[in-house]
Amino acid sequence: MDIDNEIALALKSDIEDYMISLKKNKLMKKVIEVNDLCNDENDIEFFYVMFLKGTLELKNGVCKLYNRINNKINNPKKTNKFIYQFLKLQYKSANNMWSWNEIETFDIDSWDRTIKFTNYEL
């Protein structure tokens, strides 16, 4: 999922503060060690996703993220769409439920036998 430039810029200072906080608390190296997806401490895409997931897991996280983004870009429709797409992607990832198009787009191993295309059972 690509992050819209306007939303990325709206969250840039929050992401930078988040990364500074990780460094100050000496957690940056630990995060990089335990996450195969993180290349190094300059992997901004990884830390965007980590920040978004962490914010959404907080109590009232969706509202907090919505307000944080929308107060800066003042575009409720774009903010709603972004949060919806991110939550949908997280759900699909957690439940391993992908369409054929998503398998090709995200280059998911289509031979993974645990992939579910629907939750319909006979």
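Modeller: Let us begin with burial: a residue is buried under 20% relative accessible area, exposed over 50% and partly exposed in between, with a 1.4 Å probe and protein chains only. By that criterion, buried residues make up 29% of the 122 residues in the protein chain. This is a predicted model, in which local features need pLDDT of at least 70, side-chain atom pairs count only at pLDDT 80 or more, and totals for chains, interfaces and linings use all residues. Residues are numbered from 1 along each chain as its sequence is written, and side-chain values use heavy atoms, with hydrogens and water left out.

Biologist: How many helices and strands does the protein chain have?

Modeller: Elements are DSSP runs numbered from the N terminus, helices being H or I of at least four residues and strands E of at least two. The protein chain has six helices and zero strands, so that its elements, read from the N terminus, run α-α-α-α-α-α.

Biologist: Which share of the contacts with a separation of 6 or more comes from residues 24 or more positions apart?

Modeller: A contact means heavy atoms within 4.5 Å. In the protein chain, residues 24 or more positions apart supply 43% of the contacts with a separation of 6 or more.

Biologist: Which residues have the most contacts inside the largest nonpolar core?

Modeller: The general idea is that in soluble globular proteins nonpolar side chains tend to be buried together. A nonpolar core is a set of buried Ala, Val, Leu, Ile, Met, Phe, Trp, Tyr and Cys residues joined through side-chain atoms within 4.5 Å. Here the largest such core has 22 residues, and those with the most contacts inside it are Leu11, Ile15, Phe47, Leu65 and Ile69. Two or more residues each come from H1, helix H2 (28-34), helix H3 (44-57), H4 and helix H5 (76-95). H1 gives the most, with seven residues.

Biologist: What does phenylalanine 47 touch?

Modeller: Leaving aside residues up to four places away in sequence, phenylalanine 47 touches Ile15, Tyr18, Met19, Leu22, Met28, Val31, Cys38, Asp40 and Glu41. Glutamate 16 lies 31 residues from phenylalanine 47 in sequence and 9.1 Å from it in space, C-alpha to C-alpha. Glutamate 16 is found in helix H1 and is partly exposed, with a relative accessible area of 38%.

Biologist: At what angle do helix H1 and helix H4 pack?

Modeller: Axes are lines fitted to C-alpha atoms, for helices over the stretch in contact, and angles run from 0 to 180 degrees between N-to-C directions. Helix H1 (residues 5-24) and helix H4 (residues 61-73) pack at about 115 degrees, with their axes 9 Å apart. H1 is therefore roughly perpendicular to H4; angles under 35 degrees count as roughly parallel, over 145 as roughly antiparallel, 65 to 115 as roughly perpendicular and the rest as oblique. The contact joins Glu6, Ile7, Ala10, Leu11, Ser13 and Asp14 of H1 to Leu65, Arg68, Ile69, Lys72 and Ile73 of H4.

Biologist: How do H3 and H5 cross?

Modeller: The axes of H3 and H5 come within 12 Å and cross at roughly 90 degrees, which makes H3 roughly perpendicular to H5. Val49, Leu52, Lys53 and Leu56 of H3 make the contact with Phe82, Phe86, Leu87 and Gln90 of H5.

Biologist: Which residues of H3 and H4 meet?

Modeller: H3 and H4 pack at about 130 degrees, with their axes 6 Å apart, and are therefore oblique to each other. Phe51, Leu52, Thr55 and Leu56 in H3 meet Gly61, Val62, Leu65 and Arg68 in H4. Threonine 55 is buried, with a relative accessible area of 6%.

Biologist: Which residues other than glycine have a positive phi?

Modeller: In general, most residues other than glycine have a negative phi. Lysine 26 has a positive phi of about 55 degrees, and the phi of asparagine 96 is near 55 degrees. Lysine 26 is found in the loop between H1 and H2 and is exposed, with a relative accessible area of 73%. Asparagine 96 is found in the loop between H5 and helix H6 (100-105) and counts as buried, at 18% relative accessibility.
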